[in-house]
Number of protein chains: 2
Amino acid sequence: MSLLAVGTVAFDALETPFGKTDKILGGSATYSSLAASNYIDRIELVSVVGEDFPEAYIQMLQEHGINTSALQIKHGEKTFSWSGKYHHDMNTRDTLDTQLNVLEKFDPIIPDQYQDCNYLMLANLSPKLQRKVIQRMRKKPKLIVMDTMNFWMDMMPDELKETLKLVNVLSVNDEEARQLSGEYSLVKAAQKIMKMGPDYLVIKKGEHGALLFHESEVFFAPALPLEEVFDPTGAGDTFAGGFIGYLAATDDISFGNMKRALIHGSVLASFCVEKFGTERLVNLRQEEIEGRLQQFIDLVQFDIVLEDSL
Amino acid sequence: MSLLAVGTVAFDALETPFGKTDKILGGSATYSSLAASNYIDRIELVSVVGEDFPEAYIQMLQEHGINTSALQIKHGEKTFSWSGKYHHDMNTRDTLDTQLNVLEKFDPIIPDQYQDCNYLMLANLSPKLQRKVIQRMRKKPKLIVMDTMNFWMDMMPDELKETLKLVNVLSVNDEEARQLSGEYSLVKAAQKIMKMGPDYLVIKKGEHGALLFHESEVFFAPALPLEEVFDPTGAGDTFAGGFIGYLAATDDISFGNMKRALIHGSVLASFCVEKFGTERLVNLRQEEIEGRLQQFIDLVQFDIVLEDSL
């Protein structure tokens with residue numbers, strides 16, 4: 001199966017209690033594609049960068065099986081860049097600077113040869129552009145996963161709601177779920193959000209794991225307890241990318257398989273936060289994923305058989 | 001097997017966003033004993049109340065298999081009482097009033113016939129009194145579980161550390177684990193705290209579940225996602241009581257069985273928060289526990305087989 005990933009490719013300058021970086025590779029589509037590349041061979045990336053974007057990054061993406069032929073390179077323009085600072089709890093961050101640059105006029109063009117993609121990852125981007133991508137697909141993909149954030153809820157709530165009607169899975173964090181629904185209880189929030197369009201809702205809770213809702217069902221994937229979260233940037237995008245990458249690779253969108261996909265998303269996110277930016281994802285080996293899957297199994301599996309549990 | 005439970009029996013006056021109560025039954029030993037009573041027939045309670053303590057409460061405890069013959073009733077004195085107010089997120093609370101009353105001079109006397117108890121629950125109480133209880137046991141119990149709180153870390157840290165040396169399992173919440181260890185990372189906090197004495201550490205994270213640490217192993221029990229948390233009072237005591245009650249009933253303190261005990265603790269805590277005070281625990285039926293255990297299984301169990309997971 002093939003995956004179309006649309007979102008941002010960016011420069012991030014990061015500061016955490018453990019150090020700071022100059023401009024390094026970032027962006028929602030970057031993280032999502034890299035995560036998905038652990039599962040599938042064909043990932044079509046649609047995004048935009050400026051002429052300041054290093055060829056080495058493009059090569060690295062290609063080496064991970066990510067097709068960059070629809071990554072638009074705007075000559076005379078600059079790549080979208082963001083800088084932010086994390087505090088000790090790593091759950092809050094301050095945006096220090098945002099330069100939209102090439103993103104301001106980004107027109108996500110979907111090449112003809114990508115029209116057969118059955119899995120569509122709408123990584124964080126303006127909901128208006130996310131909707132444009134869906135409208136440009138001549139055949140509706142088998143599964144559309146959309147990630148978004150509070151920024152769009154503040155800036156263009158109506159656009160966001162229009163786009164929500166068209167997607168199968170929405171991925172947001174707990175605070176965003178509360179903001180979008182106006183409900184404090186995540187169970188109530190999930191029921192309201194699923195009435196807005198998505199059949200499935202993933203609520204990411206950072207170090208507290210993630211929930212998957214579908215109709216009256218709920219599944220919980222823990223986060224691995226880590227000694228240190230070095231840099232949480234991109235963890236949510238990585239989570240979503242691992243989730244859809246696993247689904248695309250197995251081509252099974254049953255709830256049972258979505259549970260497995262959620263665990264894989266959580267596994268990949270647990271790697272992402274161990275180093276700055278994409279560094280850990282870029283150098284991730286298959287055996288490491290397998291080893292950490294075993295840690296997740298040990299973390300939550302228990303053998304209560306109900307007939308003789310008491 | 002038999003369980004000795006020592007802690008407070010109290011009056012609580014509660015205010016939550018959903019309503020308020022007059023003085024109702026509360027106390028760490030009350031919640032822990034009621035929770036444990038779902039698993040074992042013989043619970044020996046050691047605590048103290050004043051002459052204002054209603055006979056009906058004592059009868060109710062007895063009807064749940066809790067032996068109250070060592071519940072001291074101090075004539076001319078008043079029962080320990082606490083009042084508090086919860087805010088919308090239910091994770092923080094303000095203490096409005098605390099009247100120690102009979103607790104001030106409480107001397108936990110362990111009757112001879114309780115000396116054979118193999119399981120000791122030291123529910124939240126002054127660490128000095130908790131240590132006195134351990135010293136008064138002629139034979140060290142098979143398992144000592146201790147619950148404590150930030151109040152004792154502030155007021156008598158040295159007493160607390162002395163007592164920690166003598167227990168097998170410590171149960172605290174995430175903020176308390178951080179305070180006790182001086183480490184923000186719960187993984188690091190756990191390693192430090194286990195060096196202080198306990199072989200096992202339970203870190204309760206409220207709506208985010210609970211972690212069980214032992215040497216290099218870690219197990220996670222989720223909290224059930226609830227539409228509403230009506231009143232969180234006693235949830236931690238209930239958790240600890242369900243945990244030790246299950247262990248005492250099965251008389252198996254292997255790590256595998258502790259995992260099951262942690263799930264049972266989480267199940268009972270999920271009931272506790274549904275109504276004010278002990279109301280839900282008092283009226284809990286075995287079939288309800290079984291039904292919720294199934295919900296916990298559905299919530300976290302997944303079938304990834306590592307050989308063919310990718």
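Helix H6 (residues 174-181) of chain A packs against helix H7 (residues 186-195) of chain A at an angle of about 60 degrees, and their axes lie 9 Å apart. The axes are lines fitted to C-alpha atoms, for helices over the stretch in contact, and the angles run from 0 to 180 degrees between N-to-C directions. Helices (H or I, at least four residues) and strands (E, at least two) are DSSP runs, numbered from the N terminus. The angle makes H6(A) oblique to H7(A). Angles under 35 degrees count as roughly parallel, over 145 as roughly antiparallel, 65 to 115 as roughly perpendicular and the rest as oblique.

The model is a predicted one: local features need pLDDT of at least 70, side-chain atom pairs count only at pLDDT 80 or more, and totals for chains, interfaces and linings use all residues. Residues are numbered from 1 along each chain as its sequence is written, while chains are lettered from A and ligands numbered from 1 in the order in which they are written.

H6(A) and H7(A) cross in a left-handed sense. A crossing is left-handed if the near helix is turned anticlockwise from the far one by less than a right angle, and right-handed if clockwise. H6(A) brings A:Asp174, A:Ala177, A:Arg178, A:Leu180 and A:Ser181 to the contact. H7(A) answers with A:Leu186, A:Ala189, A:Ala190, A:Lys192 and A:Ile193. Two residues are in contact if their C-beta atoms, placed from the backbone, lie within 7 Å. By class, the contact of H6(A) with H7(A) has 6 nonpolar, 1 polar and 3 charged residues. Ala, Val, Leu, Ile, Met, Phe, Trp, Tyr, Cys and Pro count as nonpolar, Asp, Glu, Lys and Arg as charged, and the others, Gly among them, as polar.

Now the sheet of chain A. It is open and has 9 strands, in the order S6-S5-S1-S9-S10-S11-S12-S13-S14, with mixed pairing. Two strands pair if DSSP finds at least two bridges between them. Strand S6 (66-74) and strand S14 (217-221) of chain A stand at the edges. Each has a single partner strand, so one side of each is left without a neighbour in the sheet. On average, neighbouring strands of this sheet are turned by 15 degrees against each other, direction ignored. Within the sheet, strand S10 (residues 143-147) of chain A runs parallel to strand S11 (residues 169-173) of chain A, and 3 bridges join them. A:Met146 has A:Leu170 of S11(A) as its bridge partner.

Helix H9 (residues 255-272) of chain A packs on helix H11 (residues 286-300) of chain A at about 115 degrees, with the axes 10 Å apart. H9(A) and H11(A) are therefore roughly perpendicular to each other. H9(A) passes H11(A) in a right-handed crossing. From H9(A), the contact uses A:Ile263, A:Ser266, A:Val267 and A:Ser270. From H11(A), it uses A:Ile289, A:Arg292, A:Leu293 and A:Phe296. That contact of H9(A) with H11(A) has 5 nonpolar, 2 polar and 1 charged residues.

Chain B can be laid on chain A with an RMSD of 0.0 Å by a turn of 180 degrees and a shift of 0.0 Å along the axis. That is the relation of a two-fold axis. Copies are superposed by least squares on the C-alpha atoms of residues with pLDDT of at least 70 in both.

The details of chain B follow. In chain B, 9 strands form an open sheet of mixed pairing, ordered S6-S5-S1-S9-S10-S11-S12-S13-S14. The edge strands are S6 (66-74) and S14 of chain B, and each pairs on one side only. Strands S10 (residues 143-147) and S11 (residues 169-173) of chain B run parallel, joined by 3 bridges. B:Asp147 has B:Ser171 of S11(B) as its bridge partner. H9(B) and H11(B) pack at about 115 degrees, with axes 10 Å apart. That makes H9(B) roughly perpendicular to H11(B).

Last comes the interface. 32 residues of chain B are in contact with 32 residues of chain A. Helix H7 (186-195), strand S14 (217-221), helix H9 (255-272) and helix H11 (286-300) of chain B each give two or more residues to the side that touches chain A. H11(B) gives the most, with 6 residues. By class, this side of chain B has 20 nonpolar, 6 polar and 6 charged residues. 100% of the interface residues of chain B are also interface residues in chain A, so the copies meet through the same surface.
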